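Colleague: I am new to this structure and would like to learn how to read its strands and helices. Could we go through some features in turn?

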Amino acid sequence: MIELHLDLKFIMEPWKKALVFSFLSYLAVLLISIVIVTVIKKNIDLKLISIISITYMTALTLSFYCMYKIFKSRFHEKHD
Amino acid sequence: MSGSKKIIYFIILISVSGIFYGFEGVLIGISISLLACILFIIINADKLMLFLYRAKPVIEGELPGINETIRKLSKKHGVPAPSMYVTEIGLPGSFIIGKSADKTSIVIPRRLPIILKSEEVEAVLAHNIVQIDNTLRKRTIVALTATALTMSSSAIRWGAVLTGFGDFNDPAPKLFGLFIAGLVAPPAASLIHSLPKKNYDAKAVTLQGNPAALILAISQLESNNVTAYSSLGFLCLIDPKKENFVEHLFDIHASSEVRIKSLAAKGENT
């Protein structure tokens with residue numbers, strides 16, 4: 001879908017492409033959370049936003065690393 | 001009293017007691033109620049799966065021949081025959097779920113005997129029967145969790161349709177659906193891929209003794225494949241068609257060519 005809209009070709013396995021898209025979706029969730037926090041606080045609270053971002057990104061990276069490991073082992077096993 | 005009523009009464013009881021013990025009590029009560037609900041879902045995963053796939057018990061005289069085949073295959077595999085259910089939903093194939101090896105249910109899509117010959121249906125059923133093992137309960141719970149997660153994408157898409165973003169197949173509802181699929185697909189697919197991997201193709205051939213029928217069943221189902229229920233592929237003989245690239249995470253079976261090649265080789269050896 002992304003390739004169709006942006007006229008790009010990614011040389012990537014479909015599952016990797018899906019995982020990248022998913023990671024971007026989760027980043028969008030972080031962006032929405034930051035917007036909500038800023039609207040509630042009526043000010044850009046850098047300290048709070050940094051705490052939220054660091055915690056969220058750490059958890060996200062770790063969970064995606066675990067999922068990447070699982071998918072990599074399974075999809076490579078399937079092709080062999 | 002039905003199970004759902006018991007849960008509702010339980011929630012009310014906990015919440016009312018919580019009120020007497022203040023705000024913290026309410027929070028504790030709600031947490032306990034939530035835990036009870038999760039426990040209820042895990043215990044009744046098979047029933048909820050039957051509900052989600054609108055499966056109804058097969059009445060006598062319905063699906064002639066299939067009942068006999070299931071009994072024969074179950075006896076040969078050394079397990080009790082599963083309860084038979086039929087669904088009008090166009091699934092990629094039949095699937096089996098259960099609480100244990102003794103309490104199993106097989107869900108057969110109505111279209112299965114229409115698109116397959118009797119020996120191909122037997123091959124598909126053999127592929128289901130060999131899945132009755134000590135991992136069946138875990139597989140059922142994973143199937144329910146994955147189905148519930150992936151259904152949220154459809155729900156959001158329908159929500160977009162109903163709030164005026166266009167038709168179901170228009171770009172805006174599709175984009176909303178894709179965004180939610182991007183969020184839910186990796187955890188659901190990693191749950192599916194974390195299950196122990198077993199060669200059910202080989203086991204089905206050993207049980208039925210007809211690799212040619214399984215090859216034909218795979219080819220026939222592939223040519224009549226459906227675009228839905230991506231999370232159910234691991235329980236069925238084939239993976240459903242993909243609507244978007246995110247669903248590729250649910251690919252569990254090897255490609256048809258690879259499977260057919262290995263089944264043909266097995267057929268030559270026997």
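Colleague: How many residues lie between β3(B) and β4(B) in their hairpin?

Modeller: Bear in mind that this is a predicted model. There are five residues between β3(B) and β4(B) in the hairpin. The strands are β3, residues 95–98, and β4, residues 104–109, of chain B; they run antiparallel and are joined by four bridges. One place to look is I96(B), which has I106(B) of β4(B) opposite.

Colleague: Which way do the residues of β3(B) point, and are they buried or exposed?

Modeller: The general idea is that side chains in a regular strand alternate between the two faces of the sheet. In β3(B), F95(B) and I97(B) point one way, while I96(B) and G98(B) point the other way. All of them are buried.

Colleague: What is the order of the strands in the open sheet of chain B?

Modeller: The order is β1-β2-β4-β3, four strands with mixed pairing. At the edges stand β1 (56–57) and β3 of chain B, and each has a single partner strand, so one side of each lacks a neighbour in the sheet.

Colleague: How do β2(B) and β4(B) run, parallel or antiparallel?

Modeller: They run parallel: β2(B), residues 83–87, is joined to β4(B) by five bridges. Here T87(B) stands opposite P109(B) of β4(B).

Colleague: Which strands does α3(B) lie across?

Modeller: Helix α3 of chain B, residues 45–52, lies across β2, β3 and β4 of that chain, at about 145° to β3(B). Helix α7(B) also packs on the sheet, where it touches β3 and β4 of chain B, and its direction makes about 105° with that of β3(B).

Colleague: At what angle do the axes of α7(B) and α8(B) cross?

Modeller: Angles over 145 degrees count as roughly antiparallel. The axes of α7 (residues 136–162) and α8 (residues 171–193) of chain B come within 8 Å and cross at roughly 175°, so α7(B) and α8(B) are roughly antiparallel to each other. Their contact has 14 nonpolar, five polar and two charged residues. Among them are L149(B) and I156(B) from α7(B), and F176(B) and V184(B) from α8(B).

Colleague: And at what angle do the axes of α6(B) and α10(B) cross?

Modeller: The axes of α6 (residues 118–129) and α10 (residues 211–223) of chain B cross at roughly 95° and come within 8 Å. These helices, α6(B) and α10(B), are therefore roughly perpendicular to each other. By class, the contact of α6(B) with α10(B) has seven nonpolar, one polar and two charged residues. On the α6(B) side these are E119(B), E120(B), A123(B) and V124(B); the α10(B) side includes L214(B) and Q220(B).

Notes. Residues numbered from 1 in each chain as written. Chains lettered and ligands numbered in written order. Predicted model: local features only at pLDDT ≥ 70, side-chain atom pairs only at ≥ 80, totals over all residues. Heavy atoms only, no water. Axes fitted to C-alpha atoms, helices over the stretch in contact; angles between N-to-C directions. Helix = DSSP H or I, 4+ residues; strand = E, 2+ residues; numbered from the N terminus. Parallel < 35°, antiparallel > 145°, perpendicular 65-115°, else oblique. Contact = heavy atoms within 4.5 Å. Nonpolar A, V, L, I, M, F, W, Y, C, P; charged D, E, K, R; others polar. Buried < 20%, exposed > 50% of the residue type's maximum accessible area, 1.4 Å probe, protein only. Pairing = 2+ DSSP bridges.
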